[in-house]
Amino acid sequence: MDFRNGRESNNVEDRRGQGGRGLRGGGKIGIGTIVLALVAMYFGIDPSVVLNTAMTDPAPVESTQQRPEAENAQARFVSMVLADTEDTWRVIFQQGGTTYREPKLVLYTGATRSACGVGQAEMGPFYCPADTKVYLDLAFFDELHHRFGAPGDFAQAYVIAHEIGHHVQNLLGISDKVQQARGRVSEREANLLSVRLELQADCLAGIWAHHANRSRSVLEAGDIEEGLAAATAVGDDHIQKRTQGYAVPDSFTHGSAEQRRRWFAIGLQQGQFKACDTFSASRL
């Protein structure tokens, strides 16, 4: 990606190296932790990762002001991607007659507090609607590369843009409606609603890339392939087959690799919010 003419966001909250002691109040599982466990389920993570680790303090992380230059460069890249999403969604919301409220993005190491409970690096990046913040441990990008087989800067940008897509859904009231609807249906139907929500966030990530490239020419050769590869790599079927050897479609909460790739591509190609109506789509 080409951000040579881009800016860095003022909405990055850097908590790296602050450590994790004292986050859990005596090892009891609180409401916040339970909420975060539910968030984890949305992201295809076993909620027991959150609930089990909530009983023990995370290992302390030594604070240091001297970080490897590669990590600092990665943090600057995250800040520039965030800034670009701000510029893109601000214009889109203005065109729709509303105001875009920018989220914060929290960089942390290992574990950190959020309004949804204690965030764990094992969960991967997540968006907390209660405080309108995206939480990211930069170590996830190494995992994206080596575990998921999705290297590249645009693969990383896709991850950030997907979480910002959840923020857009939150601002528009879509997330609340889905949450309410999930409480009135069976587990299978609730999972399908979650899939539709996640696929829409993928599509919104594609909308960002569409407009960012049209306005600022940020995409370079191979970037689109990186983004599509990342969307494919985090499909529920790929993750389940890797972790348990087989896939259970009724348990999907994010969508299959083909679905995630397809909806990201739809947003990227069409760049219009109406194209991302996964809730009315007959084919996911």
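Q: Which handedness does the crossing of H5 and H7 have?
A: A crossing is left-handed if the near helix is turned anticlockwise from the far one by less than a right angle, and right-handed if clockwise. H5 passes H7 in a right-handed crossing. The model is predicted, with pLDDT of at least 70 required for local features and 80 or more for side-chain atom pairs, whereas totals for chains, interfaces and linings use all residues. Residues are numbered from 1 along each chain as its sequence is written, and side-chain values use heavy atoms, without hydrogens and water.

Q: What else describes the packing of H5 and H7?
A: Two packed helices are described by the angle between their axes and the distance between the axes. For H5 and H7 the angle is about 115 degrees and the axes are 7 Å apart. Axes are lines fitted to C-alpha atoms, for helices over the stretch in contact, and angles run from 0 to 180 degrees between N-to-C directions. Helices (H or I, at least four residues) and strands (E, at least two) are DSSP runs numbered from the N terminus.

Q: Which residues of H5 and H7 meet?
A: Contact means heavy atoms within 4.5 Å. On the H5 side, the residues include Phe 154, Ala 157, Tyr 158, Ala 161, His 162 and Gly 165. Among their partners in H7 are Leu 197, Ala 201, Leu 204, Ala 205 and Trp 208. The contact of H5 with H7 has 11 nonpolar, 5 polar and 2 charged residues; here Ala, Val, Leu, Ile, Met, Phe, Trp, Tyr, Cys and Pro count as nonpolar, Asp, Glu, Lys and Arg as charged, and the others, Gly among them, as polar.

Q: How do H5 and H8 cross?
A: The axes of H5 and H8 come within 7 Å, at a crossing angle of roughly 55 degrees. H5 and H8 are therefore oblique to each other (under 35 degrees is roughly parallel, over 145 roughly antiparallel, 65 to 115 roughly perpendicular, the rest oblique). The crossing of H5 and H8 is right-handed. From H5, Asp 153, Phe 154, Ala 155 and Tyr 158 make the contact, and from H8, Asp 223, Ile 224, Glu 226, Gly 227, Ala 230 and Ala 231. The residues of this contact of H5 with H8 are 6 nonpolar, 1 polar and 3 charged.

Q: Which residues of H8 are buried?
A: Buried means under 20% relative accessible area, exposed over 50%, partly exposed in between (1.4 Å probe, protein chains only). In H8, Asp 223, Gly 227, Leu 228, Ala 230, Ala 231, Thr 232 and Ala 233 are buried. These buried residues of H8 pack against H5, helix H9 (236-244) and H10.

Q: At what angle do H3 and H5 pack?
A: H3 and H5 pack at about 40 degrees, with 10 Å between their axes. That makes H3 oblique to H5. H3 passes H5 in a right-handed crossing. H3 brings to the contact residues including Phe 77, Val 81, Trp 89 and Phe 93, and H5 brings, among others, Ala 157, Ile 160, Ile 164 and Val 168. The contact of H3 with H5 divides into 11 nonpolar, 3 polar and 1 charged residues.

Q: How many residues does the largest nonpolar core have?
A: In soluble globular proteins, nonpolar side chains tend to be buried together. A nonpolar core is a set of buried Ala, Val, Leu, Ile, Met, Phe, Trp, Tyr and Cys residues joined through side-chain atoms within 4.5 Å. The largest one here has 59 residues, and Met 1, Trp 89, Phe 141 and Trp 208 have the most contacts inside it. Elements that each supply at least two residues of this core include helix H3 (69-95), strand E2 (104-107), helix H5 (153-171), helix H7 (187-216) and helix H8 (223-233). H5 gives the largest share of this core, 10 residues.

Q: What does Met 1 touch?
A: Beyond residues up to four places away in sequence, Met 1 touches Phe 77, Asp 153, Phe 154, Ala 157, Trp 208, Val 218, Leu 219, Glu 220 and Asp 223. Another core, of 7 residues, lies apart from the largest one and includes Tyr 108, Cys 116, Phe 126 and Cys 128.

Q: Is Glu 163 buried or exposed?
A: Glu 163, in helix H5, is buried, with a relative accessible area of 3%. The C-alpha atoms of Glu 163 and Cys 128 are 9.4 Å apart, although the two are 35 residues apart along the chain. Asn 170 is also in helix H5 and counts as buried at 17% relative accessibility. Not counting residues up to four places away, Asn 170 touches Tyr 127, Pro 129, Thr 132 and Ser 175.
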